Amino acid sequence: MKTSPAVLAAAPQPGHYDIDPDRSRVTFATRHLFGLGRVKGSFAVRRGSADIADPLEVSAIYAEIDTASFRTNSRQRDHGVLSPRFLDAAGHPVMTFRSDRIAAEDQALTGTLTVRGTTRPVTLTVTRCEVSRGSFTARVTVRIDRTEFGITAARGLAARYLDLTVEVQCTRN
């Protein structure tokens, strides 16, 4: 999903911003039962920061996601996904994203995602960036292949891909 070049046209002022966990979230959509059923859920953002630079391309973003906060509307599914077969929340309580490049012309945020101790490169598409005095809200999307992170249980029954939407509210320090 591409957006117009205007999404990042109004970049936040340079400086250090903290991600507000209470006003930020990660939502996802995927499929189960051999692709027949749709599953939606969420994760909580634990903490993070955005160091906005001039030029914007060398800015740095860091975020932590609380693995144990995984929620759908099925207690049985949630318990299974949090187990060692999938996310192993007890052994890997935090997932992290660390950016290494913001490309305003492509509306892209590239970096690495670490899940279950496995780190892989990812490119997130910026779909919204609203700048206010002393803060900004950003929304990014990405499709994740769970098998790239070593999460291979229940092939066929549980979908391989998750479509993530991350929305963060950042406040300047």
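**Pairings of strands, rings and charges**

Author: Phe28 and Phe43 are both buried, a word that stands here for under 20% relative accessible area, while exposed stands for over 50% and partly exposed for what lies in between (1.4 Å probe, protein chains only). The model is predicted, and for that reason local features need pLDDT of at least 70 and side-chain atom pairs count only at pLDDT 80 or more, whereas totals for chains, interfaces and linings use all residues. Residues are numbered from 1 along each chain as its sequence is written, and side-chain values use heavy atoms, with hydrogens and water left out.

Reader: How do Phe28 and Phe43 pair, and at what angle between the planes?

Author: Rings of Phe, Tyr and Trp (its six-membered ring) pair if their centres lie within 6.5 Å, and planes under 30 degrees apart count as stacked, over 60 as edge-to-face and the rest as tilted. The structure holds four aromatic pairs. One of them joins Phe28 and Phe43, with 5.8 Å centre to centre, and it is tilted, the angle between the planes being 45°.

Reader: Which strands hold Phe28 and Phe43, and how many residues apart in sequence are the parts that this pair ties together?

Author: Strands (E, at least two residues) and helices (H or I, at least four) are DSSP runs, numbered from the N terminus. Phe28 lies in strand E2 (residues 25–32) and Phe43 in strand E3, so the pair ties together parts whose separation in sequence is 15 residues.

Reader: Which residue do ring pairs link into a cluster with Phe28 and Phe43?

Author: The cluster has Phe28 and Phe43 among its members, and both of these are buried.

Reader: In E3, which residue is the bridge partner of Asp18?

Author: Two strands pair if DSSP finds at least two bridges between them. Strand E1 (residues 15–19) and strand E3 (residues 37–52) run antiparallel and are joined by four bridges. In E3, the residue that partners Asp18 is Ser49.

Reader: Is Glu64 buried or exposed, and at what relative accessibility?

Author: A salt bridge is a side-chain nitrogen of Lys or Arg within 4 Å of a carboxyl oxygen of Asp or Glu, and the structure holds nine of them. In one, the side chains of Arg47 and Glu64 meet at 3.0 Å, N to O. Arg47 lies in strand E3 and Glu64 in strand E4, so this pair ties together parts that are 17 residues apart in sequence. Glu64 counts as buried because its relative accessibility is 8%.
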